Amino acid sequence: MGCSRTCVYCFARRTHSCLDLDTGLGFDSQIVVKVNAPELLRRRLSSRSWQGEHIAMGTNVDCYQRAEGRYRLMPGILAALRDHANPFSILTKGTLILRDLPLLRQAAEVTDVGVSVSVGFTDETPWHAVEPGTPAPERRLDVVRALAGQGIGCGVLMAPVIPFLSDRPDQLRATVRAVAGAGATSVTPLVLHLRPGAREWFMSWLERHHPHLVARYARLYAEGAYAPKWYQRRITRQVHELAGEYGIGPARAGMPRRVRPAEVTDPAGPTGQPGAEPTQLTLL
Ligand code: SF4
């Protein structure tokens, strides 16, 4: 738990309070690592009660965050999943996933493996401002390219789309164009949501850096953690139209699309039809 990439909006901030830790700077600096995770997973996968359910990783904090470079837990986890042919998916902003490409390939030969990379925008201004500790968007798209080159289909979770900072039509277009150019199999937009923990931290950042937006945010998020449906629909429609234009399909609702290597024949991915309904994913 916790992540030193310090994304201002991080959806997972609230989970730090479960350990009585601070959801602001504490989340950014106090990283809690379960160092025996591979052994625990292997034991669980071997138990009679385990039914081989799909395991989604990276849906709270990033499993390829900086600490993974030191603790190297993912190779053991991927090896356990491969050995048990257990389906899984990974959502990450981390280029470190490329270290484990051989294991991902081995796993994809025996089970469903889904990988999604999170790229909310390619504009460097919001990148520097709100997710300064993450690999540059272009480096994350290199991950998509590398995975596609290895026959592992990779979708892009376009998250978060940040109202008034990364939602201009030209910004959406540039992002979807770059995602398509990287060979992503799907693109799924997700508008910023501000739950307790993330909300206070993000709003205090907004007051310091974009005080003129505070009142607009208060109106947009007046109902709670989510932007209104009309706004979500607008972003989803725009992204789906652009995805259709650039030849990328929308992902299924929920977690990243699962792709077996044999399905990946065209690096540009299948052409999808633009959808009209928004998909507000729940990551926590
Ligand atoms: S990389 Fe992911 S988990 Fe880490 S701070 Fe950013 S949004 Fe949160």
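What follows is a set of questions and answers on the fold and on a few of its residues.

Trainee: Before we start, what kind of model is this, and which pLDDT do side-chain atom pairs need to count?

Mentor: Residues are numbered from 1 along each chain as its sequence is written, and side-chain values use heavy atoms, with hydrogens and water left out. This is a predicted model in which local features need pLDDT of at least 70, totals for chains, interfaces and linings use all residues, and side-chain atom pairs count only at pLDDT 80 or more.

Trainee: How many helices and strands does the protein have?

Mentor: Helices (H or I, at least four residues) and strands (E, at least two) are DSSP runs, numbered from the N terminus. By that count, the protein has 5 strands and 11 helices.

Trainee: What percentage of the residues count as buried?

Mentor: Buried means under 20% relative accessible area, exposed over 50%, and partly exposed in between (1.4 Å probe, protein chains only). The protein has 284 residues, and the share that counts as buried is 53%.

Trainee: What is the hand of the crossover from β2 through α5 to β3?

Mentor: A crossover is right-handed if, with the strands pointing away from the viewer, the path from the first strand over the helix to the second runs clockwise. The β-α-β crossover from β2 through α5 to β3 is right-handed.

Trainee: Which residues of β2 point the other way from F88, I90 and T92?

Mentor: β2 is mostly covered, with 5 of its 5 residues buried. F88, I90 and T92 point one way, and the residues that point the other way are S89 and L91.

Trainee: And through which helix does the chain cross from β4 to β5?

Mentor: β4 (residues 154-161) has 8 of its 8 residues buried. It is joined to β3 in parallel by 4 bridges, and it pairs with β5 in the parallel sense over 4 bridges as well. The β-α-β crossover from β4 to β5 is right-handed and passes through helix α8.

Trainee: Which peptide bond is cis, and what is its omega near?

Mentor: Most residues other than glycine have a negative phi, and most peptide bonds are trans. P160 has its place in strand β4. The bond from A159 to P160 is cis, with omega near -10 degrees.

Trainee: Why do the buried residues of α2 line one face of the helix?

Mentor: In α2 (residues 37-46), A37, P38, L41 and L45 are buried. They line one face because, seen down the axis of α2, they fall within an arc of 95 degrees. That arc is taken from the directions from the helix axis to the C-beta atoms.

Trainee: How far is the backbone oxygen of A85 from a polar atom of the side chain of T111?

Mentor: A85 sits in the loop between α4 and β2, with a positive phi near 50 degrees, while T111 lies in the loop between α5 and β3. A85 is partly exposed at 35% relative accessible area, whereas T111 is buried at 4%. Their C-alpha atoms, 26 residues apart along the chain, are separated by 5.1 Å. From the polar atom of T111 to the backbone oxygen of A85, the distance is 3.3 Å.

Trainee: With which side chain does the side chain of D100 make a polar contact?

Mentor: D100 is in the loop between β2 and α5 and is buried, with a relative accessible area of 3%. A polar contact is a pair of N or O atoms within 3.5 Å; within protein, one must be able to donate a hydrogen and the other to accept it, and residues adjacent in sequence count only if both atoms are side-chain atoms. At 2.9 Å, the partner of the D100 side chain is R99.

Trainee: Last one: which residue's backbone oxygen does the side chain of Q232 reach?

Mentor: Q232 is found in helix α11 (residues 229-246), and at 4% relative accessibility it counts as buried. At 2.8 Å, its side chain reaches the backbone oxygen of A227.

Terms used. Pairing = 2+ DSSP bridges.
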